[in-house]
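Keep both open as you go.

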Amino acid sequence: MSVTDEIKSRIDIVHYIQRHVPALKKAGRNYKACCPFHNEKTPSFVVNPERQSWHCFGACAEGGDLFTFAQKMQGWDFKEALRELAQEAGVQLEAQTPEQKTRSDRLDGLRALLADAAAFYQRELRRDAGASAYSYLTADRGVHPDTAELFQLGYAPDSWDFMLRALRSLGHSDDDIVEVGLAVRHESGRVYDRFRQRLMFPIRDERGRTVGFGGRALNPDDQAKYINSPQSPLFDKSRLLYGLDMGRRAIRETGAAVFVEGYMDVIQAYQAGYHNVVAQMGTAMTEAQVRLVAPRYAKRIVLALDADEAGQSAAHRSLEVAREILSRDYAGRLSTDLRVLKIAGGKDPDDVLHEGPERWPALVDAAQAVADFVIDRETAALPANASLQERQAAAQAVLPLLHVSENNLYRQENIQKLARRLRIGERDMLAWAQARRPSTPQPTRPAAQGAATADLPPEYWDNEDASVPPDEWGGLADDSAPTPSRTQAPLKRAAEAYCLGMLLKNPHLLAQVNRKLRELAGDDDDLLRGPLRELCAEDFSQIHYRTLMTHLQNSMAQDDMEPVEYLYRVIEGELETEFEALLIDEPAAVSQTMKRNFQVDFDDIWRGSHHRSRPGFSLREELVTRALQLRLARLEHERVELQYLQEETQTGSESDPGQIDQLRASIMLSMRAKARINLAVD
Ligand SMILES: [Zn+2]
């Protein structure tokens, strides 16, 4: 018996889940409750005691065993879950495989090296060489010696080989010292210290282990005020939050995390007694960083960035990231209240915490809702007599971000507010936003090439469900709205509805679509595993369609019953309406259903996509072509995202050539796939 089986045999999944979901009640052979991972009113979370498995038949559409539940619930990775559950079950973990052992020993060795380095720097801060650094820290910045101790602050002396000699004396190799970024190897082969004459901040992971360093220049002539460890097997700045090891408990207790820019802000806050403060370390907030705290610990994230333009644009960029995360988070798992803290008088969080820490809690409480922040920021620069173009541009910048809010009513208020501020009618404003949507492929012809010209990546525009309240789109059917693009979003929806409806009615046709994709990939494994993989939820942009597609795939993967019967059993609640609408053959009826959501005339679209009277019409071919067009749309969408990422990586301060190459390769692969699909649908 494997270790995981041994653990599963000792911990009953029903008991384990009941500890986290007390409402789990027996229902027939199973246990049922409202899903702990998404918001719902009717229970669709089912635990099967015989199979020792769980499944959410609702928005999550996923399930698994004890391990996957524990991982999801606790935010653990598999290793953590294994460690924790083994302990709970009293199971001795078996030795790792030789490869795992080698790797984990290697990482342990590098961590030990970094811990040694932190100790050396720390010691140096209290010596004569570090006197000016120490006085800067304590006298100028008011950091108490105890606080410096807690954060293990240190000093890198003005030397080319201080750290090298120190670490070599403990038996560490130059290769290791270079690998963790404490030293740099010159082309000539010479090795020298990376950090010189700097105040050193050890960066620790959430478990408190040093994984890298940040160094602040003390020599005013030094060009770079801050430098960080480069990316290493242990250090990935985008996946770390400085201070999280110290702040995790406070974040859990208060349910809020305050994101600041730098090390010093965290340290000042901690010293003032505010422990729920972490730093995103000079980058825009990343999804990985958000996931470190939300939704596990924090329900609210407050962005408290510097008052200067760089800080404010970082705040803006962070909101865009948040918007991306939330728009993809269709199960609502990350429903996090995001706020922005603005400090009057151009002060940074660090200044406030230093000069008047007692003001901090009130400031955090008064943090602005995202929408207000965005509207203020984008409209503040507009002159009183701003031209129509200028006001249009402002509307286009603000609208996508307004939809960060999940609450429809709230969103609508914001849209009204923006319209008032810009002296524009609501309908016109929404029409402009719509006009700027990059063209998405229409069901009647292949995707337009290089279509995305919008200032923002297209994900802001693509997902109707996450954007404007349905009533607002009603305005777009109005004749005053710009004609060329106004039906694109509904067309996309209609194309998806067509494919999904066809597949739900004829589940076996899914195999035909997948066979075509395999055929197009040929023996190119990269295509087969990548852009030409089987049709799946990601090919649909509508939330409900994604879920239905997952159910459809599951229905084909099981053999207890007919796929259609399976679908009728698992689909319930809100989804049922969508499901039934898709099963209806009558265009008029579908049109009625859709009109309820989007007041656009769908009859034309349906007439356009129904060619049954056409001689030689084949349902199978028609479906395969339409499904390929969906894939094209998705690839185009992904390519724009990749290019956006690539640009960002190239312009980033620490661009990583490996990452750039990888992105480039992905873009090429995606283009190869598109070329093959285009040939096939033409
Ligand atoms: Zn769920």
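Two residues are in contact if their C-beta atoms, placed from the backbone, lie within 7 Å. This is a predicted model, in which local features need pLDDT of at least 70 and side-chain atom pairs count only at pLDDT 80 or more, while totals for chains, interfaces and linings use all residues. Residues are numbered from 1 along each chain as its sequence is written. The protein chain has 31 helices and 16 strands; helices (H or I, at least four residues) and strands (E, at least two) are DSSP runs, numbered from the N terminus.

**The chain as a whole**
- Of the 682 residues in the protein chain, 40% are buried; a residue is buried if 20 or more other C-beta atoms lie within 10 Å of its own, exposed if 12 or fewer, and partly exposed in between.
- Among contacts in the protein chain with a separation of 6 or more, 64% link residues 24 or more positions apart.

**Helices α1 and α4**
- V3, I7 and R10 of α1 meet L85, A86 and A89 of α4.
- By type, the residues of this contact are five nonpolar, no polar and one charged; Ala, Val, Leu, Ile, Met, Phe, Trp, Tyr, Cys and Pro count as nonpolar, Asp, Glu, Lys and Arg as charged, and the others, Gly among them, as polar.
- The axes of α1 (residues 3–10) and α4 (residues 78–89) come within 9 Å and cross at roughly 50°; axes are lines fitted to C-alpha atoms, for helices over the stretch in contact, with angles from 0 to 180 degrees between N-to-C directions.
- The two helices α1 and α4 are therefore oblique to each other (angles under 35 degrees count as roughly parallel, over 145 as roughly antiparallel, 65 to 115 as roughly perpendicular and the rest as oblique).

**The five-stranded sheet**
- An open sheet is built from five strands in the order β1-β2-β3-β4-β5, with antiparallel pairing; two strands pair if DSSP finds at least two bridges between them.
- β1 (25–27) and β5 (62–64) are at the edges with a single partner strand each, so one side of each has no neighbour in the sheet.
- From one strand to the next, the twist averages 25°.
- Helix α2 (residues 13–20) lies across β2 (30–33), β3 and β4, and runs at about 150° to β3.

**Strand by strand**
- β1 and β2 run antiparallel and are joined by three bridges, with K26 partnered by Y31 of β2.
- Their hairpin has two residues between the strands, and G28 in the turn has a positive phi of about 70°.
- β2 and β3 pair over three bridges in the antiparallel sense; here Y31 stands opposite V47, and A33 has F45 of β3 as its bridge partner.
- β3 (residues 45–48) and β4 (residues 53–56) pair antiparallel over four bridges, including F45 with C56 and N48 with S53.
- Four residues lie between the strands in the hairpin of β3 and β4, where Q52 takes a positive phi near 55°.

**Helix α10**
- In α10 (residues 244–254), the buried residues are L244, M246, G247, R248 and I251.
- Their cover includes β12 (256–260), α11 (263–271), β13 (277–279) and α12 (287–293).
- After α10 comes G255, with a positive phi near 70°.
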